[in-house]
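Here's a friendly walk through one protein model. Have a look at the picture, then read on.

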Amino acid sequence: AAVRFAPVSAAEHVPVMPSDTEIEADIDRQRDMRALRAFLDTLSAADKKKFWTGKDAGLTERARVFVEGRRGQRKQS
């Protein structure tokens, strides 16, 4: 069986660089994750479990949204 190769435009091989806004958003997410990890390291095992259930009354709205978005990705024990 013969294999045919179709010529490809050189533009298809040029990587798309992220915009400055995307880079800043990535930096913000990385900073937020470091802060979250540092915060979680200060919690007891019981408080960590309470945090990840989203039932902690002290969670900010942003933290609550984060927990809700991540809960499906975490292994349930």
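This is a predicted model: local features need pLDDT of at least 70, side-chain atom pairs count only at pLDDT 80 or more; totals for chains, interfaces and linings use all residues.

## Overall layout

Residues are numbered from 1 along each chain as its sequence is written, and side-chain values use heavy atoms, with hydrogens and water left out.

## Surface

Of the 77 residues in the protein, 10% are buried (under 20% relative accessible area, with a 1.4 Å probe and protein chains only). The protein exposes about 7000 Å², by the Shrake-Rupley method with a 1.4 Å probe. Carbon and sulfur atoms supply 57% of that area.

## Where H1 meets H2

How do helix H1 and helix H2 cross? The axes of H1 (residues 20–41) and H2 (residues 45–53), lines fitted to C-alpha atoms over the stretch in contact, come within 9 Å and cross at roughly 135° (on a scale from 0 to 180 degrees between N-to-C directions). H1 and H2 are therefore oblique to each other, meaning the angle is not under 35 degrees (roughly parallel), over 145 (roughly antiparallel) or 65 to 115 (roughly perpendicular).

On the H1 side, the contact (heavy atoms within 4.5 Å) is made by Leu 36, Phe 39 and Leu 40, and on the H2 side by Lys 48, Phe 51 and Trp 52.

## A stop at Val 65

Val 65 sits in helix H3 (residues 61–71). With a relative accessible area of 51%, Val 65 is exposed (over 50%). Its C-alpha atom is 8.8 Å from that of Gly 54, 11 residues apart along the chain.

Technical notes:
Helices (H or I, at least four residues) and strands (E, at least two) are DSSP runs, numbered from the N terminus.
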